[in-house]
Amino acid sequence: MHIQIIRPFMYTQSDCASSGSGIHVLPPVELCEIPEDFLKKSEKPGSVQRVPYKTPSVDHPGEIEDKYASIYIPFGYDSSKKYDILYFIHGGGGNADLFLKKGSDTLLKLVLDNLIASEKLRPMLVVTPTFYPMDNTDNSVPRSEKLVPLFPRELVENLAPAVESAWSTYASSVDRDGLAASRMHRAIGGFSMGSVTTWYAFAQALDCISVFIPISGDCWEEGQLGGGSKPTETARDLAELAERSGIAPEDFFVYAITGTEDIAYPNLKPQMDAMRKHGGIFHFAGCGAPENVRFQAKEHGIHNNEHAVEYLYNILPLIWGK
Ligand code: FER
């Protein structure tokens with residue numbers, strides 16, 4: 001396998017005590033496959049629970065809908081401590097149980113257990129919601145395309161308040177101000193349509209989230225597959241939204257990743273290339289300013305959930321390493 005050199009980053013310990021103090025660049029590491037050892041049942045397993053929440057119905061305006069997300073609770077969870085949190089979103093046709101399911105040893109669960117038990121990753125919370133209603137029957141791209149731009153609002157107004165009042169994060173309150181004050185400890189990522197959702201979250205909720213991990217999916221601000229068909233416009237939209245947010249370049253990080261054989265590569269690659277032209281706000285490695293955007297493509301990597309988990313295996317310790 002071709003090994004690519006990447007430049008990781010993480011928060012310093014002192015940044016964790018305060019908030020809003022920037023993201024730091026670390027020396028290079030290698031992107032690799034998940035070792036066999038990390039696929040075994042851990043002796044220190046975390047657990048997966050469901051977090052119920054209510055949100056306005058998309059299909060029935062005026063009505064409130066019951067939904068749930070799955071949440072990974074690390075081994076030894078202590079409600080007197082504070083935990084970093086990642087919201088991770090499935091691709092088209094998925095659901096809240098796809099990557100993490102109550103009572104089940106999913107691939108992501110095993111990887112999280114083993115990363116945390118081996119002290120490569122600090123204990124953290126990972127939430128897998130769905131942008132579909134719980135009774136969804138239409139998984140078509142037009143249906144998903146309608147729902148994903150709506151999801152960042154659901155996350156900020158309904159999901160995160162339910163999750164972060166039930167489980168201990170850095171949010172001292174779960175209104176928008178409280179989420180904004182704790183944004184350095186909150187990340188969002190997703191695969192495929194979940195990646196599209198992640199770009200929408202960058203556009204709509206940069207005030208509440210600092211780290212973005214779009215995996216194998218482009219930004220659709222300019223319409224379906226717009227990162228590929230309108231890369232210049234898409235990059236300009238993202239740059240303008242970031243600049244308008246008032247969030248400093250050192251206070252966010254976008255880690256975009258895919259595979260060279262991934263069906264989303266032709267959409268994501270032009271977008272990321274176009275983002276390089278906005279050097280005032282997007283700092284790629286080697287540009288002189290501290291890196292805040294990275295694009296990485298695994299040689300021969302394809303479009304599937306297993307690759308998404310492999311990318312998380314590599315990326316999460318860079319951000320929340322011990
Ligand atoms: C992409 C972003 C999303 C992409 C595909 C999707 C082919 C989603 C497809 C689906 O849910 O069917 O860049 O590239």
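User: How far is an oxygen atom of the ligand from an N or O atom in the side chain of Asn267?
Analyst: That distance is 2.8 Å. For Asp218, a side-chain N or O atom is 2.6 Å from an oxygen atom of the ligand. A polar contact here is a pair of N or O atoms within 3.5 Å. Keep in mind that this is a predicted model, where local features need pLDDT of at least 70 and side-chain atom pairs 80 or more, while totals for chains, interfaces and linings use all residues. Side-chain values use heavy atoms, without hydrogens or water, and numbering starts from 1 along each chain as its sequence is written.

User: Which residues surround the ligand?
Analyst: Among them are Gly92, Val141, Ser192, Met193, Trp220 and Leu225, along with Asp218 and Asn267. To be near, a residue needs a heavy atom within 4 Å.

User: And how much of the ligand's accessible area does the protein cover?
Analyst: 79% of the 360 Å² that the ligand has on its own, by the Shrake-Rupley method with a 1.4 Å probe.

User: Switching topic: what order do the strands of the open sheet come in?
Analyst: The eight strands run S5-S6-S8-S7-S9-S10-S11-S12, with mixed pairing. Strands are DSSP E runs of at least two residues, helices H or I runs of at least four, and a pair of strands needs at least two bridges.

User: Which strands stand at the edges?
Analyst: S5 (47-56) and S12 (293-298); each has a single partner strand, so one side of each has no neighbour in the sheet.

User: In which sense do S9 and S10 pair?
Analyst: Parallel, over five bridges. Phe191 has Ile215 in S10 as its bridge partner.

User: What does helix H6 lie across?
Analyst: Helix H6 (residues 193-205) lies across S7, S9, S10 and S11, at about 145° to S9. Contact means heavy atoms within 4.5 Å, and angles run from 0 to 180 degrees between N-to-C directions of axes fitted to C-alpha atoms, for helices over the stretch in contact.

Note on methods. Polar contact = N/O pair within 3.5 Å; in protein donor to acceptor, adjacent residues only side chain to side chain.
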